[in-house]
Amino acid sequence: MTSKSQIESPQRPASVSRRGFVGGLSAGVLGAVATEAAAAQTLADVPDRGPGADLGAHSERSRFVKIDRIPEAGPGKRNVDPNDAINSKTPHQKLVGNITPTDLHYERSHSGVPDIDPAQHRLLIHGLVQKPLVFSVDDLKRMPSVTRVVFIECTGNGWENWKKADPDLTVQNTHGLVSTNEWTGVPLKFLIGLAGKEKNSNWMLAEGGDGAGVDRSIPLTDEIVNEAFVAYGQNGEPLRPAHGFPMRLVMPGFEGNLNIKWLRRLKFGTEPWMTRWETARYTQLLANGKARQFQLRMETNSVITQPSGTMQIQPGYNRISGLAWSGHGKIAKVEISTDGANIWKQAQLNQPVLSKAQVRFQMDWVWDGKPTRIVSRATDEQGNVQPDRQSFIAAMGSNALFHYNAQQTWSIDEAGRVRNVLA
Amino acid sequence: MSSLDNRLVAAALTLGLLAAPAFASDFGRPATPAEIKLWDIDVAPDGKGLPVGGGTVAQGKQVFADNCAACHGDNGQGGIKDRLAGGQGTLASGAPVKTVGSFWPYATTLYDYIHRAMPYPTPGSLSTDDTYAVTAYILSLNGIVPPDGKVDKDSLPKIKMPNRDGFIPEPEFDPAKLFRKK
């Protein structure tokens, strides 16, 4: 289990100080610390200073930090042959701040990660345009660019808790298919202007250069035309192959699947193409047997990442922290209940709060040592409120599989063990 | 010049800088019809994009055995990858089975997807007629095409899938309403 070290909290003296509790929780936050056997009790125990290691061409994580994504072959199918994995989840329980480290950004790929030589990659723009065009990566880099921090979320994020809650799940298991990075690229509007889109074209097919040729129909609403961009940069460097090198579509606030990776074709038309991904796959089956289609926007969502599933806390002072995001815009507020959704208190948001980006929230909490349940709920600037699980399931049924944004509840027992529960 | 004129000039300059005159000729190159044809593989529900050709269920049975059964199971009953047949009548149950026959709304999507993404190790490697044939076979497994039937460029778009009316478009992005207010 990834969070073994969190469960095995170091022994504290009987008369533990306030600082001791903070230290205990910090061990959980850093969760990744390999060993705490030689914890320094006094300053005299802290090792002497001295010359360090050689400087390298790039920096690695501390050997004391173990922090990894978890590849999966499907819901709950972990510890799989990498060949069978279809996604890999972000370890939110071990992260701080608002930005996801590049190598820990979640990944969902439908036919593996193609090894693309950028010199041989091309983007074709055609269909209902006056000038069908072919662009190279270098062409894109010479165009005016935008840089924006946005979350990307797999439509299947949260799929572990649709029907039941495995108590041994971490927040990485339940919510590891959403991440936030800074992306740089060319506004879609600029490309549309170059090609001269015909006025009667209101839908665009975006297609990837992976084996599956993943393709989605995108409605050209004002919001999408103004905000979408073709990215070649990720957190200041070229895209990683897993995230679409050398170029991908970024669609702030919309289904991860629409953010087509390894982008190689944009075709303009008048109607959606009804691709496999927007009919058979990313549609939500309701209890009555009908399926919701073109539910393209990602919902208002939040989750407590600290403390979260499989961690163990101690009575006294604790800090609750987590992430909130919405495809509708900025997060307006996050409320936290520490008594099973009866009394709610407003959490503090870590600035800056950006539209369609994750934001960290935090709140002090003194735990009295009695079993309880903690839960967060986000509200965005449009007034959308993250639903409780009961009303969410009442509206969507339990077969929908995609677009799960119900409030996430963690139970805490008398020993301070944190577990995944439905509500 | 009056101050108003100055402001107008300044505004024009600012706009000019923000929207720097960029022409298609400045970036990339025109796409030729021949090369567009190489990549223009999408198939629409009205059949637009389907190539000339066709195939029978009988042919498709062999194509399926050779290329698809290893992952999708004999008769498309599922294996290490998705089940393709059966499941009709289960969508409103507690254990819905989503297959081509029970869930997919358009037969054209089946041709498109097989051609673009299958067989998994060598996507797009089946011939046009073999792609039509295996499409016909998968539809026959679901009782949509008769066992002695065939599909081609003209007949495929006319097939009404059992779950064609099983989808409710999200109001915000409903293709029947979006962009049609004016």
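I began with burial in chain B: of its 182 residues, 34% count as buried. I am working from a predicted model.

Next I looked up the elements of chain B. I found six helices and four strands. Along the sequence they follow the pattern α-β-α-β-α-α-α-α-β-β. I also checked contacts in chain B between residues at least 6 apart in sequence. Of these, 59% join residues at least 24 apart.

Then I turned to a helix pair. Two packed helices are described by the angle between their axes and the distance between the axes. I took helix 3 (residues 57-67) and helix 6 (residues 128-141) of chain B. Their axes come within 7 Å and cross at roughly 95 degrees. Angles of 65 to 115 degrees count as roughly perpendicular, so helix 3 of chain B is roughly perpendicular to helix 6 of chain B. I noted who makes the contact. Helix 3 of chain B brings Val57(B), Gln59(B), Gly60(B), Lys61(B), Val63(B) and Phe64(B). Helix 6 of chain B brings Asp130(B), Ala133(B), Val134(B), Ala136(B), Tyr137(B) and Ser140(B). I sorted the residues of this contact into seven nonpolar, three polar and two charged.

Last, I moved to chain A. Which residues of helix 5 (residues 188-195) of chain A are buried? They are Leu188(A), Leu191(A), Leu194(A) and Ala195(A). Seen down the helix axis, these buried residues fall within an arc of 120 degrees, so they line one face of helix 5 of chain A. I looked for what covers them. The cover includes strand 4 (123-127), strand 5 (133-135), strand 7 (178-187), helix 6 (222-227) and strand 10 (229-234) of chain A.

Methods. Residues are numbered from 1 along each chain as its sequence is written. Chains are lettered from A and ligands numbered from 1 in the order in which they are written. This is a predicted model: local features need pLDDT of at least 70, side-chain atom pairs count only at pLDDT 80 or more; totals for chains, interfaces and linings use all residues. Axes are lines fitted to C-alpha atoms, for helices over the stretch in contact, and angles run from 0 to 180 degrees between N-to-C directions. Helices (H or I, at least four residues) and strands (E, at least two) are DSSP runs, numbered from the N terminus. Angles under 35 degrees count as roughly parallel, over 145 as roughly antiparallel, 65 to 115 as roughly perpendicular and the rest as oblique. Two residues are in contact if their C-beta atoms, placed from the backbone, lie within 7 Å. Ala, Val, Leu, Ile, Met, Phe, Trp, Tyr, Cys and Pro count as nonpolar, Asp, Glu, Lys and Arg as charged, and the others, Gly among them, as polar. A residue is buried if 20 or more other C-beta atoms lie within 10 Å of its own, exposed if 12 or fewer, and partly exposed in between; C-beta atoms are placed from the backbone. The arc is that of the directions from the helix axis to the C-beta atoms.
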